[in-house]
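Dear colleague,

Please find below the structure that I am passing on to you. My notes on its contacts follow it.

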There are 2 protein chains.
Amino acid sequence: MVAVPPIQRSKSLHEQTYQALRTSILSGDFAPSERLVETQLAQQLQVSRTPIREALRQLQKDGLVTSDGSGGLQVTSISVIDAVQLYDCRLALEQLSVAGACAQATQRQLAQLEDYVVQAEALVPGKSPNLKVMQLLNLDYGFHRLIAESSGNRWLVGLLDQVFDKMALLRVQTTQHNPEVLEIRIEHRQIYQAIAERQVDRAVAAIRSHLMASQARVVGEVQQLSTANPSSLPGDVDLLNSPSLEG
Amino acid sequence: MVAVPPIQRSKSLHEQTYQALRTSILSGDFAPSERLVETQLAQQLQVSRTPIREALRQLQKDGLVTSDGSGGLQVTSISVIDAVQLYDCRLALEQLSVAGACAQATQRQLAQLEDYVVQAEALVPGKSPNLKVMQLLNLDYGFHRLIAESSGNRWLVGLLDQVFDKMALLRVQTTQHNPEVLEIRIEHRQIYQAIAERQVDRAVAAIRSHLMASQARVVGEVQQLSTANPSSLPGDVDLLNSPSLEG
DNA sequence: ACGGTGCAATCTGCATACAGCATACGTAGC
DNA sequence: GCTACGTATGCTGTATGCAGATTGCACCGT
């Protein structure tokens, strides 16, 4: 009996549809408040409405699409308030994440984490700034997600993924490209070093200051953007009453 | 123009189906590892397979049902390890929850919180212990959920709900009824008082000790149950390597 | 010109039909 | 008797058809 690898079975259409729509949404391929019409999507993706509907239900659970009152669906719109609250959730979860990673990360995972840090640091400044920022944000996502995985807490990874998705959505809806984001490379190295040395307190402190700085960057940028172009974004109110990242 | 109230429109079948199945699952109406067959469910609920499928996709996203390898779905089975990890997530989130509630809870919400505490304390010991524990656990759920709502963080509520669902699932799968759970009434009052007095540090400390105690109760009970009846539950391993509620 | 009514187009919700696949069972060959 | 193959049954995945609802528009009346 020779070792015959199992044939690659293409995933179900509703799964592929889900991935395709999710990617499109997170790439900003849909205009804000554009209605997602099943028949149109079905025609574009060349499938029937049935897998489309199932994919849309999943996206709805993800919070990436929202019912618009009477049956219709549209891409969820993330406000500044949402961003602040999402960062609060993210900080709460990622503190657990780094603590778990300090205790549980394997050598292999630590090496991968360092690789993310090094890759980000190696991004040459010559390139087009936007592309560079894009790549940096991808590395940022991978770094944080790997920390969560390293904690060994399967549920934590799932919860954080949901938060990440919505933050990515905010990003495409505001097209952030603040040059200050380059700072995260320094912050990432500090987080990595603390984890690699298994120093829980330092790691928690590092992730906290990283996320608080990120939150401030995002809020600042979005508010600047919404004052330059008023009424283009929801939730443009003062944030001073929020508990925002305390504790 | 007299005020005519809008007619009550019954929700869509897939929504009703979702609610019905969710309730059934969290009530333990399905045998562990029993396969959920679309056609059977459709026949029982007297609807076609289409709304059933949409409801099942949602439940899958909720983590309440899981694919069993080849297309089939079954109720998710929660192990002791999962319980520990879920409590870790829950603690991370609920610390944010109480901190937010300290800052944001309205007088009305505080009154409702106190009502939960009082109702729990008033549960007469005469009743059948199981019924009493059941009622207490319902009050427990309402108490914690209202704290999350009081924080004003809409995403936090959603994330916590997901955690609560899985813990409820664990409960029905292990039929916990540890008499020690009566302790939570004392712990709840302490949490409530700290929130009512807007003392963030005390509230965070109170929720932490409450959840750590709950985690210990649940783990102890499940492990006792699994040693009494070995191999009836998954994940019966030592937990000493887990980061478990540190930080 | 303006408001209201009726109609047409479009979309969602649901049911059903059909095809492919997995599993279980029975049967034939050894 | 045991293994291996063929077959039958049941379930999932997908497409499609139909009914009800919503929206936009045109037409009519004032």
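With which residue of chain B does A:Arg53 form a salt bridge, and how far apart are the closest N and O atoms? In this predicted model, the partner of A:Arg53 is B:Glu54, with the closest N and O atoms 2.8 Å apart. Between chain A and chain B the count of salt bridges is 8, and 21 residue pairs are in polar contact, both residues being at pLDDT 80 or more.

On the side of chain A that touches chain B, the elements giving two or more residues are H1, H3, helix H4 (80-104) and helix H7 (154-174). H4(A) accounts for the largest share, 12 residues. By class, this side of chain A comprises 15 nonpolar, 10 polar and 10 charged residues.

The contact draws 35 residues from chain A and 35 residues from chain B. The two chains bury about 3,100 Å² between them, with 61% of it on carbon and sulfur atoms. Of the area that chain A buries against chain B, 22% comes from A:Arg57, A:Lys61 and A:Trp155, more than from any other three residues.

With kind regards

Terms used
Residues are numbered from 1 along each chain as its sequence is written. Chains are lettered from A and ligands numbered from 1 in the order in which they are written. This is a predicted model: local features need pLDDT of at least 70, side-chain atom pairs count only at pLDDT 80 or more; totals for chains, interfaces and linings use all residues. Side-chain values use heavy atoms; hydrogens and water are left out. Contact means heavy atoms within 4.5 Å. Buried area is the accessible area (1.4 Å probe) that two parts lose on being put together, summed over both. A salt bridge is a side-chain nitrogen of Lys or Arg within 4 Å of a carboxyl oxygen of Asp or Glu. A polar contact is a pair of N or O atoms within 3.5 Å; within protein, one must be able to donate a hydrogen and the other to accept it, and residues adjacent in sequence count only if both atoms are side-chain atoms. Helices (H or I, at least four residues) and strands (E, at least two) are DSSP runs, numbered from the N terminus. Ala, Val, Leu, Ile, Met, Phe, Trp, Tyr, Cys and Pro count as nonpolar, Asp, Glu, Lys and Arg as charged, and the others, Gly among them, as polar.
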